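Subject: Handing over a structure

Dear colleague,

I am passing this structure on to you, with some notes on what was found in it. Please have a look at it first, and then read on.

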Amino acid sequence: MECPFNGKPASWHGARMDFHDAMSYGDYLQLKTLLSAQHPLSPNHNEMLFIIQHQTSELWMKLMLHELHGVRLQMQAGDLPPAFKMMARVARIMDQLVHAWDVLATMTPPEYTAIRPYLGNSSGFQSYQYREIEFLLGNKNAALVQVHAHSEEAHDRLRSALEQPSIYDEAVRLMAEAGLPIDPGRLTVDRTQPTAADASVESAWLKVYADPDTYWELYELGEKLVDLETSFRYWRFRHLTTVERVIGFKKGTGGTAGASYLKKMLDVELFPELFSLRTSL
């Protein structure tokens, strides 16, 4: 078979060359749609970097949510080994996002200043996927759902995430089902509130860490959760340092205090007992 354009064989080292009636790489990945989704609003060369940085971050977060929802389902089913694999993957995605800030950090303050007026009030603070990740990990805040009232889909997703148990809630439930003494009040806590440290949960984790042979799966679960939070902290810190480098201490485009707001977020603990118990080990 010959190529209709140049008469050469429609093959190259065995590779198929004609895709008139077959799905190609670009078709499978919908590259025409994906690569046409970048629309800089300013005449500045550097805006393309800013757009692609944030779009690719949202794609990685989409995968994180896919994995985290799978983690919760496996935990609810009491099948932890598949959940461990998914949690390890999420931690590596966060590592990927940490290094992604290195690329954005090549943007200098004057370069960002040139595109900032074109951003309007849009801000990463408004990322509903990021907010859903936080809710799934237990850092809940009902007030922040209102930011997405203009989008029924995003609002409903966040409301559902707010009201459902977090992954850490499921971990605490599993410890109670294993016979560890969890305060009943912790098991019936208001799911719309952020995770608060609980003495009975720390005591239970201490028993798990003191006797890993008896509680091996819970022990491994604890370490996977620590890996998740550690990677999440790196991600937040790298975000902060990039913002300081590019815009200093200006207010964020979405109205937050910018770098000072991000510094406060560094103090948030997702799984508090898993870190505090280490002092007692």
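In which helix do Arg92 and Asp95 both lie, and how many residues apart are they? Both belong to helix α4, where they sit three residues apart, about one turn of the helix. Before going further, please keep in mind that this is a predicted model.

Salt bridges

The side chains of Arg92 and Asp95 form a salt bridge, with an N to O distance of 2.8 Å. Arg92 is partly exposed, at 47% relative accessibility, and Asp95 is also classed as partly exposed, with a relative accessible area of 22%. The count of salt bridges in the model comes to 17.

Another of them joins Glu134 to Arg131 through their side chains, at 3.0 Å from N to O, and these two residues both lie in helix α6, three residues apart. Glu134 counts as buried because its relative accessible area is 4%, where buried means under 20%, and Arg131 is likewise buried, at 4% relative accessibility. Arg131 and Glu134 are also linked with Arg236 in a network of salt bridges.

In helix α7 (residues 152-163), Arg159 and Glu163 lie four residues apart, and they form a salt bridge whose closest N and O atoms are 3.7 Å apart. Arg159 is partly exposed, with a relative accessible area of 32%, and Glu163 is partly exposed at 45%.

Around Thr192

Thr192 lies in the loop between α9 (184-187) and α10, and it counts as buried at 18% relative accessibility. The side chain of Thr192 also makes a polar contact of 2.8 Å with the side chain of Asp190.

Nonpolar cores and a surface patch

The largest nonpolar core has 58 residues, and those with the most contacts inside it are Leu137, Trp205, Leu225 and Trp235. Among the elements that give two or more residues to this core are α3 (47-76), α6 (128-137) and α11 (216-247), while α4 gives the most, with 13 residues. Leu137 touches several residues beyond four places in sequence, including Leu68, Met94, Phe232 and Phe271. Apart from this core lies another, of five residues, among them Phe135, Val145, Ala161 and Leu162.

With best wishes

Technical notes:
Residues are numbered from 1 along each chain as its sequence is written. This is a predicted model: local features need pLDDT of at least 70, side-chain atom pairs count only at pLDDT 80 or more; totals for chains, interfaces and linings use all residues. Side-chain values use heavy atoms; hydrogens and water are left out. A nonpolar core is a set of buried Ala, Val, Leu, Ile, Met, Phe, Trp, Tyr and Cys residues joined through side-chain atoms within 4.5 Å. Buried means under 20% relative accessible area, exposed over 50%, partly exposed in between (1.4 Å probe, protein chains only). Contact means heavy atoms within 4.5 Å. A polar contact is a pair of N or O atoms within 3.5 Å; within protein, one must be able to donate a hydrogen and the other to accept it, and residues adjacent in sequence count only if both atoms are side-chain atoms. A salt bridge is a side-chain nitrogen of Lys or Arg within 4 Å of a carboxyl oxygen of Asp or Glu.
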